[in-house]
Amino acid sequence: MYNDKTLVCKDCGQEFVFSASEQEFYAEKGFENEPQRCRSCRMARKQARGTATGGARQLFDAVCAECGKACKVPFEPRNDRPVYCSDCFSRR
């Protein structure tokens, strides 16, 4: 059984609670380390990297190798690998 823990954020130095339910989640996922940052510092760090939810990510134009339809993909297509539109990809 898990109990709430008070941890100190390594970025801002503020205390934050690592709840029992969060600890259980970490254990289920196999995470061995406790979080080192509070929620607001984690979100700020994600936004700085551009990976926070709702952030714009770069999309590249491509042509589906199966149906020939124009599509956009979140990676830069290479000539040595086929690219599929979302419909064809989900059928594979």
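Analyst: A residue counts as buried under 20% relative accessible area, exposed over 50%, and partly exposed in between, with a 1.4 Å probe and protein chains only. The model is predicted, so local features need pLDDT of at least 70 and side-chain atom pairs 80 or more, while totals for chains, interfaces and linings use all residues. Residues are numbered from 1 along each chain as its sequence is written, and side-chain values use heavy atoms, leaving out hydrogens and water.

User: Why is Asp61 called exposed?

Analyst: Asp61 has 60% relative accessibility, and the cut-off is over 50%, so Asp61 counts as exposed. Across the protein chain, buried residues make up 21% of the 92 residues.

User: Where does Asp61 lie?

Analyst: Asp61 belongs to strand S3, residues 60–63. Strands are DSSP runs of E with at least two residues, helices are runs of H or I with at least four, and both are numbered from the N terminus. The C-alpha atom of Asp61 is separated by 50 Å from that of Met1, 60 residues away along the chain.

User: How do you know that S3 and S4 pair?

Analyst: Strands pair if DSSP finds at least two bridges between them. S3 and S4 (residues 70–73) have four bridges and run antiparallel, so they meet that rule. Asp61 stands opposite Lys72 in S4. The two strands form a hairpin with six residues between them, and Gly68 in the turn has a positive phi of about 80°.

User: What joins S1 to S2?

Analyst: Four bridges join S1 (residues 5–8) to S2 (residues 15–18), and these strands run antiparallel. Leu7 faces Phe16 in S2. This hairpin has six residues between the strands, and Gly13 takes a positive phi near 80°.

User: How many helices and strands are there, and in what order?

Analyst: The protein chain has three helices and four strands. From the N terminus on, the order is β-β-α-α-β-β-α.

User: What makes Phe25 and Phe31 an edge-to-face pair?

Analyst: Rings of Phe, Tyr and Trp (its six-membered ring) pair if their centres lie within 6.5 Å; planes under 30 degrees apart are stacked, over 60 edge-to-face, and the rest tilted. By this rule there are four aromatic pairs. One of them is Phe25 and Phe31, with 6.5 Å centre to centre and 70° between the planes, so both conditions hold. Tyr26 and Phe31 have centres 5.3 Å apart and planes at 80°, so that pair is edge-to-face as well. Ring pairs link Phe18, Phe25, Tyr26 and Phe31 into a cluster.

User: Are Phe25 and Phe31 buried, partly exposed or exposed?

Analyst: Phe25 has 41% relative accessibility and Phe31 has 45%. Both values lie between 20% and 50%, so these residues count as partly exposed.

User: How do you know whether the protein chain is a compact globule?

Analyst: The radius of gyration is taken over C-alpha atoms, and the globule rule is 2.2 Å times the number of residues to the power 0.38. For 92 residues a compact globule would come near 12 Å, but the protein chain has 20 Å. Its C-alpha atoms fill a box of roughly 55 × 30 × 20 Å along the principal axes.
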